[in-house]
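Hi everyone, thanks for making the time today.

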Amino acid sequence: MIHDLAEKLFIDGDWRRGEGERIPVENPATGEVLGHIAAATPAEIDAAVAAARKAFRIWSRLAPAERAKALRRLGDAITTEADAMARTMTQEQGKPLNEARGEILKLAEACHFYAEEAVRIHGEIVPNTTTDIDSLVVREPIGVVGAITPWNYPAELIGWKLCGALAAGCTIVIKPAELTPFTALAIARMAEKAKIPAGVVNVLTGPGAKVGQALVEHPGVDKIAFTGSSAVGLRIQQSCPTIKRLSLELGGNCPLIVTASADLDAAVKGAVRRSFRNMGQICIAINRIYVARPIAAEFVKRLCEAADKLVIANGIDKPDADVGAMASAEPLAKTKEHLADALAKGAKLVAGGGAPRGEAFARGHFFRPTVVSDCTHAMKVMTEETFGPLVGVMAFDGLDEAIELANDTPYGLASYVYAKDMDEIRYLSGRLDYGNVAVNNVDAGIMNAPYGGRKQSGVGYEHGREGMLEYLNFKHVRIRYDEPKGR
Ligand code: NAD
């Protein structure tokens with residue numbers, strides 16, 4: 001699949017050989033170059049936006065049921081090709097094959113979910129002060145969407161934008177991360193297979209600062225849907241030269257609170273899954289854990305045992321491994337930096353702490369799931385997003401202290417609680433200043449509920465009905481009627 005997609009751009013239903021600079025894409029588990037992408041040139045960017053504008057005139061006027069059918073076909077095509085697409089993702093991103101396949105199937109689920117939503121874009125009739133007037137509140141698609149996405153979930157994070165936008169009647173130009181462009185191009189291949197009309201979906205590859213920024217600045221783009229770091233999100237907000245709708249799904253620094261009433265085994269299982277899945281490269285990863293002091297030592301002991309048992313491998317060779325390689329040298333370096341910072345400031349290394357040994361790991365970006373205990377808020381691991389397989393643990397003495405520590409961050413994406421006491425659950429979930437609070441589970445995002453951050457974690461929502469509303473404008477149509485003549 002990668003061979004076919006290398007150096008290509010998908011513009012107006014055509015596969016064009018890109019004219020810009022070539023950028024290599026590596027397999028993070030082996031260091032092997034998988035292929036090259038072409039950095040889209042200004043002319044190619046203009047062509048993609050023009051194609052999306054032209055297609056918008058037709059797509060936005062199509063009956064919603066037709067858009068729903070197209071999304072269903074897209075979901076079906078993706079399901080059929082899930083194995084090949086997953087292989088592409090594992091090769092460029094590093095996650096184990098089974099995880100990649102699961103992500104591709106979730107992309108298909110998003111297509112099917114928004115196919116259902118496409119036919120439920122309802123309006124309202126609003127009462128007026130006189131009875132001869134109707135106020136219709138109707139919803140209309142915003143226009144052309146520029147979707148800019150990161151590398152950690154290369155399919156799902158495109159899917160939520162693509163499906164919400166297409167269901168609403170918008171068209172889209174996608175700019176995927178430089179590390180994971182082939183999954184995005186594979187999605188375009190599926191759009192072609194599903195006979196989505198030319199120009200409705202376009203994919204441009206290349207560096208964020210050039211191609212992404214060009215979409216932000218482009219007068220033909222009506223909305224930017226961005227997922228990525230808070231720093232780039234802020235830059236986009238500040239550098240947008242005209243008024244555009246923006247959705248910004250940004251970074252996190254997510255806490256887990258484990259109270260004395262918690263089911264300890266369940267809490268450990270949840271902590272391991274959400275701290276280390278995808279090598280911790282998840283915006284909603286648990287970065288820091290606060291445990292009630294009486295159970296802290298036992299929790300740390302069990303957490304370390306569970307972390308040490310996780311199987312690390314090249315995700316192509318061992319599809320059911322727990323974790324694979326990290327996506328690049330950059331998040332690995334940040335993980336090491338946060339670990340060194342914590343240890344220098346008095347934390348104890350209690351699990352992991354280095355690369356796994358063996359020839360299989362020699363050329364890839366591997367690191368063992370790592371736990372540090374006795375942490376404080378002077379340490380980066382407790383106050384900054386690590387985006388790697390490192391979690392810090394700290395004991396607390398009262399719920400108010402745990403809440404204060406958990407909210408002591410500029411971020412507000414996701415938070416987690418393990419507790420059995422209902423009063424504790426109510427108290428904590430009401431006071432955690434986060435867009436998502438998961439209690440006795442670690443799946444903060446599900447397809448049919450809104451998912452979004454607050455504070456420096458962003459604005460706007462994905463998933464659920466709310467995820468589609470981000471692509472719609474309201475229009476108020478106020479009509480005054482006369483009495484019919486000759487009634
Ligand atoms: P990043 O911000 O470096 O890049 C994200 C995308 O933005 C890439 O496609 C990149 O090319 C592009 N980009 C970079 N500079 C740009 C610019 N000046 N203008 C326009 N586009 C530009 O993020 P990353 O390193 O790829 O991803 C990791 C980050 O993403 C983490 O902070 C993580 O928390 C965040 N994230 C958030 C969510 C969420 O739902 N809130 C989900 C996944 C990842």
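Let's begin with the secondary structure elements around the ligand: α8, spanning 208-217, β10, spanning 223-227, and α9, spanning 230-239, each supply at least two residues of the shell. Before I go further, please keep in mind that this is a predicted model. Which of the elements gives the most to that shell? That would be α8. Helix α8 contributes four residues to the shell around the ligand.

Now for the shell as a whole. In total, 30 residues surround the ligand. If you want to find the closest ones on your screen, look for T149, K175, S229, L250 and E385. Sorted by class, the shell has 15 nonpolar residues, 10 polar ones and five charged ones.

Let's zoom in on some individual contacts. At T149, the backbone is involved: one of its N or O atoms lies 2.7 Å from an oxygen atom of the ligand. At S229, a polar side-chain atom lies 2.6 Å from an oxygen atom of the ligand. And at R235, a polar side-chain atom lies 3.3 Å from a ligand nitrogen atom. How much of the ligand does the protein bury? Taken alone, the ligand exposes 850 Å², and the protein buries 90% of that. If you are wondering which pocket we are looking at, the space taken by the ligand is the largest pocket.

My next stop is T409, which you will find in the loop between α14, residues 399-407, and β17, residues 411-412. Is T409 buried or exposed? Its relative accessible area is 9%, under the 20% cut-off, so T409 counts as buried. The side chain of T409 also reaches the backbone nitrogen of Y411, at 3.0 Å.

While we're here, take a look at helix α14, where L405 lies. L405 counts as buried because its relative accessibility is 12%, and buried means under 20%.

Next, a couple of backbone angles. D374 has a phi near 55 degrees, a positive value in a residue other than glycine. You can find D374 in the loop between β15, residues 370-373, and α13, residues 380-383. Why is D374 called partly exposed? Its relative accessibility is 44%, which falls between the 20% and 50% cut-offs, so that is the class it gets.

K455 has a positive phi as well, about 50 degrees, although it is not a glycine. This residue sits in strand β20, residues 454-455. With a relative accessibility of 35%, K455 counts as partly exposed.

Now a lysine with a partner. K161 is in helix α6, residues 156-168, and it is buried, with a relative accessible area of 1%. What does the side chain of K161 contact? A polar contact of 3.0 Å joins it to the side chain of E462.

Let's move over to strand β12, residues 254-258, where we find C254. C254 is buried, at a relative accessible area of 1%. At 0% relative accessibility, V258 counts as buried.

C254 and A118 are 136 residues apart along the chain, with 33 Å between their C-alpha atoms. For V258 and I121, the separation along the chain is 137 residues, and the C-alpha atoms are 41 Å apart.

My last stop is A313, in the loop between α11, residues 293-309, and α12, residues 329-344. Although A313 is in a loop, it counts as buried, at 11% relative accessibility. From A313 to A395 is 82 residues in sequence and 33 Å in space, C-alpha to C-alpha.

If you take one picture away with you, let it be the ligand in the largest pocket, with 30 residues surrounding it.

Definitions and conventions
Residues numbered from 1 in each chain as written. Predicted model: local features only at pLDDT ≥ 70, side-chain atom pairs only at ≥ 80, totals over all residues. Heavy atoms only, no water. Near = heavy atom within 4 Å. Polar contact = N/O pair within 3.5 Å; in protein donor to acceptor, adjacent residues only side chain to side chain. Areas by Shrake-Rupley, 256 points an atom, 1.4 Å probe, with all protein chains shown as cover. 1 Å grid on protein atoms, 1.4 Å probe; cavity = no way out; pocket = protein on both sides within 12 Å on 5 of 7 lines; lining within 4 Å. Sits in = over half its atoms within 2 Å of the grid points. Nonpolar A, V, L, I, M, F, W, Y, C, P; charged D, E, K, R; others polar. Buried < 20%, exposed > 50% of the residue type's maximum accessible area, 1.4 Å probe, protein only.
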